[in-house]
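Trainee: Could you take me through one part of this model in detail? I would like to look closely at the sheet and the helices around it.

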Amino acid sequence: MMSILKVKKNNVEQTINLKEEFGIDFSGKDELKQLMGQAIIDKIIKRTASGKGVSLSANGSGRSVKLKSPYSKSYTKSEDFLAAGKSKNKVNMELTGDMMGLIDIKKISGNSITIGWNDADENPKAFNHMTGDTVPKRPFFGVSNKELKDIKSKFKDDLDKAIKTKQNEGVKAFNEMVLGLLDDLDAGKDKA
Amino acid sequence: MPVRIKRSTVIATQISVTKKFEKVRRNKQMLNEIGEAVTTRVRLEARRRKPLNDTRTFPALTEGTKARRKALAKVNKTHPSFKPAKSSTTFTGQLLDAVTFKIRKTLVELFVAKSKRQAIKGARGKTLEEQIAFNNELAKELASRGFVIFTAKGLKSEPKLAKRINNIVRRTLRRALKVD
């Protein structure tokens, strides 16, 4: 299975096997996995901001869907909606911005990365939107095979170089420093 | 066999790393994202009647103030979240819309802009000319009465916002990773 989307009340996440999707062995290349993971997160954020989501099937293929608009009358009259100055026709899954702002790379192992939330509040919120539990269903999270292909082609040259050539010392040292900083910030994340 | 690294190579590597990292620290997109996240949260919390980074809520309104706000709302265009009986710093929305930020090298500085206010008709019986003309001056005046929009403390009482900022930095670091 190339990618697996899990939608559970306390855990909404997608695991992507980069080797199967991109045809490249990513094991031992943490910098590439972090870079691709961020590209996937950026893709989800950009698509959602434009009011579009994706309806994913079990095999990873997906159909672009419009996120249902406008917002419901009761929601548009709520104090939080008015305080945030939101527009009732522009559905972008943001009120405080926390849900979209906290999508993260949860796990990296071998050739796989897992995207989702490391946050007890945002998982149930995402679940609610993904399933339409108490609000209209708006499947904003996850990437399809086609979107992964787009990311692959965007990074094609970089990936080719990274696989074929040896990193120079300056780049290697820089990446090690960045990965070290990411680890430090990861450790502080739960305390925040 | 021991690997020998020339001193000049090590120095060159260090310089190259520092320069590149400095680019990350001064990354405009990152600093702008942080500034946007903080100002948006300040406005939202103030409209929810709570200053950012403070557990206290705004002072309660007297019955007289509530009645005056209700009367003023009839002759002025108010912000959608305005409610006469609820203590907040939003009436027309001008003050909170003037909360903004400036980027100074690697620092994001939050402040209330010195932007001119549109007068409130009928406010405290004053003429339009007698009202506080600039948003930054109004923020100071409100703060002296306990309506502090944001404080200069860290983000200890705003864990979610602190987590967001942490994530903005981490996303920027990931995007800065080099492949060649």
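Which strands of chain A does helix H6 (residues 122–131) of chain A lie across?

Mentor: Happy to! Keep in mind that this is a predicted model. Helix H6 (residues 122–131) of chain A lies across E1 and E2 of chain A, and it runs at about 80° to E2(A). Those two strands belong to an open sheet of four strands in chain A, ordered E1-E2-E6-E5 and paired in the antiparallel sense. At its edges are strand E1 (3–8) and strand E5 (104–109) of chain A, each pairing on one side only. From one strand to the next, the twist averages 15°.

Now look at the pair formed by strand E2 (residues 11–17) and strand E6 (residues 112–116) of chain A, which is antiparallel over five bridges. Here A:Glu13 stands opposite A:Gly116 in E6(A). Another helix packs on the sheet: H2 (residues 30–49) of chain A touches E2, E5 and E6 of chain A, and its direction makes about 35° with that of E6(A).

H2(A) also leads us to the other chain. Its axis and that of helix H6 (residues 159–176) of chain B come within 8 Å and cross at roughly 120°. The crossing is left-handed. On the H2(A) side, the contact is made by A:Gln34, A:Leu35, A:Gly37 and A:Gln38, while H6(B) brings B:Arg171, B:Arg174 and B:Arg175. Sorted by class, the residues in this contact of H2(A) with H6(B) are one nonpolar, three polar and three charged.

Conventions. Residues are numbered from 1 along each chain as its sequence is written. Chains are lettered from A and ligands numbered from 1 in the order in which they are written. This is a predicted model: local features need pLDDT of at least 70, side-chain atom pairs count only at pLDDT 80 or more; totals for chains, interfaces and linings use all residues. Two strands pair if DSSP finds at least two bridges between them. Axes are lines fitted to C-alpha atoms, for helices over the stretch in contact, and angles run from 0 to 180 degrees between N-to-C directions. Two residues are in contact if their C-beta atoms, placed from the backbone, lie within 7 Å. A crossing is left-handed if the near helix is turned anticlockwise from the far one by less than a right angle, and right-handed if clockwise. Ala, Val, Leu, Ile, Met, Phe, Trp, Tyr, Cys and Pro count as nonpolar, Asp, Glu, Lys and Arg as charged, and the others, Gly among them, as polar.
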